[in-house]
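Thanks for coming, everyone. Let me put the structure up, and then we can walk through it.

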Amino acid sequence: MESRSLVPHSPAAFRLPIANLRNVFAPQDVERKLAKLPQRDYENLRSTYERMLERGPERFQVKPHGVPEMADLYDQLPNFTDALDDVKRHVALSQDSRDGLEVTPMLLLGPPGIGKTHFARKLAELLSTGMSLVPMSSMTAGWLLSGASSQWKGAKPGKVFDALIEGQYANPVIVVDEIDKASADAQYDPLGSLYSLLEHDSAGSFIDEFAEVAIDASQVIWIMTANDDRSIPEPILNRMNVFEIEAPDFDAARRIARNMYQGIRTEHGWGERFEAEPRDDVLDALAAMPPRDMRRALMTGFGNARLQARDVVMPDDLPKAGSAKGKLGFVQ
């Protein structure tokens, strides 16, 4: 698909500049499809084609003009160093060239709660492209990614089509969360569309089964997460860079907790009531928790401190780890 240059923005510390406009579909293909539609029925398909023409084919393409400063990301995500290094390599390859940013699809493999989805969000923030989350644990049919035939009642386009047609960017981040939880049966394979989507050449003319118009998905930045790779087909694993993510060690967990404390404090107006730095014993208590649980624990801690009219969070303000019905949880 065609792309053209824009005047680049000045690179920011955390965000890459938008440097190109890229066509993600050919309008003439849509016009031909629209002209062939029967006058009656197919209202949803007609509306989709009209929406495509209304929005036009051009999308922003984030493109680096230098390697951004990522020290804060390494500090916030200390157990994702290898994955961040991989992103940095891809950025370095495409800087000062006509090529757009291309990142090899990556699989983040590791136990639940260690921040895999959080990493994806931070990467989307770095690239400024936004993020589409596709939770595979609730997906029972492949058409959720690639669309369902317009012949079916209630059919609609898939997540990839939506990200490119309704979004602003040609290279959005799409996170396929818990890919190992996808349930497949003999008729529909939830992972079937990934065989072409994860290959650069075939993704350039991806056909959504609802719209049946080629769209350029070759610039999509794919991040998969999984707890176990044994249920992921080998041909899909071979299309990705696999990073085994370990739980952060104690010192790394303390850094994550400190960053999270400061982030929550900055995000909320009530945060200015609290001290800028958390207590060491609070960080020690938080470091014993999975990163996914830290935010909930901190929100509880902030609330309990305010109930006591204090501007500092104490260890006793945090919920205690406990179990209920065999599942890890908090005891307030």
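Are F274 and F302 buried or exposed? F274 is buried, and F302 is buried too. Buried here means under 20% relative accessible area, exposed means over 50%, and partly exposed is in between, with a 1.4 Å probe and protein chains only.

A word on the ground rules. This is a predicted model: local features need pLDDT of at least 70, side-chain atom pairs count only at pLDDT 80 or more, and totals for chains, interfaces and linings use all residues. Residues are numbered from 1 along each chain as its sequence is written, and side-chain values use heavy atoms, with hydrogens and water left out.

Now the aromatics. Rings of Phe, Tyr and Trp (its six-membered ring) pair if their centres lie within 6.5 Å; planes under 30 degrees apart are stacked, over 60 edge-to-face, and the rest tilted. By this rule, there are six aromatic pairs. One of them joins Y261 and F302: the centres are 5.2 Å apart, the planes are at 35°, and the pair is tilted. This pair links distant parts of the chain, with Y261 in helix α11 (residues 250–267) and F302 in helix α13 (residues 291–307), 41 residues apart. Helices (H or I, at least four residues) and strands (E, at least two) are DSSP runs, numbered from the N terminus. Y261 and F302 are both buried.

Next, F274 and F302. Their ring centres are 4.8 Å apart and their planes are at 70°, so this pair is edge-to-face. It also links distant parts of the chain: F274 is in the loop between α11 and α12 (280–287), F302 is in helix α13, and they are 28 residues apart. Put together, Y261, W270, F274 and F302 form one aromatic cluster.

Let's stay with Y261. Its relative accessibility is 2%, so Y261 counts as buried. What does the side chain of Y261 reach at 2.6 Å? The backbone oxygen of E275. That is a polar contact: a pair of N or O atoms within 3.5 Å, where within protein one must be able to donate a hydrogen and the other to accept it, and residues adjacent in sequence count only if both atoms are side-chain atoms. Leaving aside neighbours within four places in sequence, Y261 is in contact (heavy atoms within 4.5 Å) with F274, E275, A276, E277, P278, L298, F302 and V313. Take A276: it is 15 residues from Y261 in sequence, and 8.7 Å away in space, C-alpha to C-alpha.

On to N171. It lies in the loop between α7 (159–165) and β6 (173–177). Its relative accessibility is 0%, so N171 is buried. A polar atom of its side chain lies 3.1 Å from the backbone oxygen of V62. Beyond neighbours within four places in sequence, N171 is in contact with residues including F60, Q61, T129 and Q219.

Now the cores. A nonpolar core is a set of buried Ala, Val, Leu, Ile, Met, Phe, Trp, Tyr and Cys residues joined through side-chain atoms within 4.5 Å. The largest one has 43 residues, and Y49, V160, I179, L194, W222 and M224 have the most contacts inside it. Elements that each supply at least two residues include α1 (27–36), α2 (43–55), β4 (106–109) and β9 (221–226). The largest share, five residues, comes from α7. Look at L194: apart from neighbours within four places in sequence, it is in contact with L145, I179, W222, M224, I236 and R239. There is a second, separate core of 26 residues, with A83, L84, V103 and L108 among them.

Last topic: charges. Side chains of opposite charge can pair when their charged atoms come close. A salt bridge is a side-chain nitrogen of Lys or Arg within 4 Å of a carboxyl oxygen of Asp or Glu. How many salt bridges does the structure hold? The structure holds 18.

R51 and E54 make one, at 3.7 Å, N to O. They are three residues apart in helix α2, so about one helical turn separates them. R51 is partly exposed at 31%, whereas E54 is exposed at 62%. R51, E54 and E166 are linked in a network of salt bridges.

E267 and R295 form another, with the closest N and O atoms 3.2 Å apart. E267 is exposed at 53% relative accessibility, and R295 is partly exposed at 35%.
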